[in-house]
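Take a moment to open the sequence and the 3D view side by side.

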Amino acid sequence: MSIESLTAQLRDFAQDRDWEQFHSPKNLTMALSGEAGELLSLFQWLREEQLGEWFNEPPNRTAVEHEMADVFGYLLRLADVLDVDLEAALRAKIDLNEQKYPVELARGNALKYTVLAGRGAAGGQPRTHP
């Protein structure tokens with residue numbers, strides 16, 4: 001299925017139930033945040049070494065899939081209500097991140113782009129002032 005067809009299916013689902021009245025950007029954003037929190041709660045107390053075995057248990061995998069679907073669904077509804085082209089927005093964000101995180105500076109670390117910019121191509125210490 002395409003993003004467009006999923007968005008249409010979610011729009012029809014809301015229309016059929018007269019739920020569009022509740023789907024304001026504020027409400028959808030709050031619901032999206034809540035669902036992201038529910039996804040987070042599934043992993044909250046797991047140690048890294050537990051993740052693989054835990055996730056391979058069918059009830060756990062299903063719970064994660066359901067929460068991910070909820071997050072995705074609310075994001076699609078929000079984009080629909082705000083008339084945001086998610087594919088175009090993601091492409092633009094990827095392009096921006098490629099500029100912020102050049103491979104030669106970002107490979108193998110998780111430093112924020114503001115720190116990377118201070119290191120320059122030589123890989124020195126981050127700047128503490130402009």
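Let's begin with a trio: Arg 11, Arg 77 and Asp 80 are joined in a network of salt bridges. A salt bridge here is a side-chain nitrogen of Lys or Arg within 4 Å of a carboxyl oxygen of Asp or Glu. Before going on, please keep in mind that this is a predicted model, in which local features need pLDDT of at least 70 and side-chain atom pairs count only at pLDDT 80 or more, while totals for chains, interfaces and linings use all residues. Residues are numbered from 1 along each chain as its sequence is written, and side-chain values use heavy atoms, with hydrogens and water left out.

How many salt bridges does a search of the whole structure find? There are five. One of them joins the side chains of Asp 80 and Arg 11, with 2.8 Å from N to O. This pair links distant parts of the chain, since Asp 80 sits in helix H4 and Arg 11 in helix H1, 69 residues apart. Helices in this text are DSSP runs (H or I, at least four residues; strands are E, at least two), numbered from the N terminus.

Arg 77 also forms a salt bridge with Asp 80, and here the closest N and O atoms are 3.0 Å apart. Because Arg 77 and Asp 80 are three residues apart in helix H4, about one helical turn separates them.

Asp 80 counts as partly exposed, with 22% relative accessibility. Arg 11 is partly exposed too, at a relative accessible area of 28%.

The axes of H1 and helix H4 (residues 58-82) come within 9 Å and cross at roughly 85°. Axes are lines fitted to C-alpha atoms, for helices over the stretch in contact, and angles run from 0 to 180 degrees between N-to-C directions.

Which residues make the contact? On the H1 side they are Ile 3, Leu 6, Thr 7, Leu 10, Arg 11 and Ala 14, and on the H4 side Phe 72, Gly 73, Leu 76, Arg 77 and Asp 80. Contact means heavy atoms within 4.5 Å. By class, the contact of H1 with H4 has six nonpolar, two polar and three charged residues. For these classes, Ala, Val, Leu, Ile, Met, Phe, Trp, Tyr, Cys and Pro count as nonpolar, Asp, Glu, Lys and Arg as charged, and the others, Gly among them, as polar.

Not counting residues up to four places away in sequence, Arg 77 touches Leu 10, Arg 11, Ala 14, Glu 20, His 23 and Leu 28. Follow that list to Glu 20, which is placed in the loop between helix H1 (3-16) and helix H2 (25-43). Glu 20 is partly exposed, with a relative accessible area of 38%. Leaving aside neighbours within four places in sequence, Glu 20 is in contact with Arg 11, Ala 14, Gln 15 and Arg 77. Glu 20 and Leu 78 are 58 residues apart in sequence, and 11 Å apart in space, C-alpha to C-alpha.

The loop between H1 and H2 also holds Asp 18. The phi of Asp 18 is near 55°, a positive value in a residue other than glycine. Asp 83, in the loop between H4 and H5, likewise has a phi near 55°. Asp 83 is exposed, with a relative accessible area of 71%.

Our last stop is Glu 35, in helix H2. Glu 35 is buried yet has no salt bridge, and the nearest side chain of opposite charge, Arg 77, is 13 Å away. For charge, Lys and Arg count as positive and Asp and Glu as negative, with His and the chain ends not counted. Glu 35 touches Glu 67, Asp 70, Val 71 and Tyr 74, not counting residues up to four places away in sequence.

Definitions and conventions:
Buried means under 20% relative accessible area, exposed over 50%, partly exposed in between (1.4 Å probe, protein chains only).
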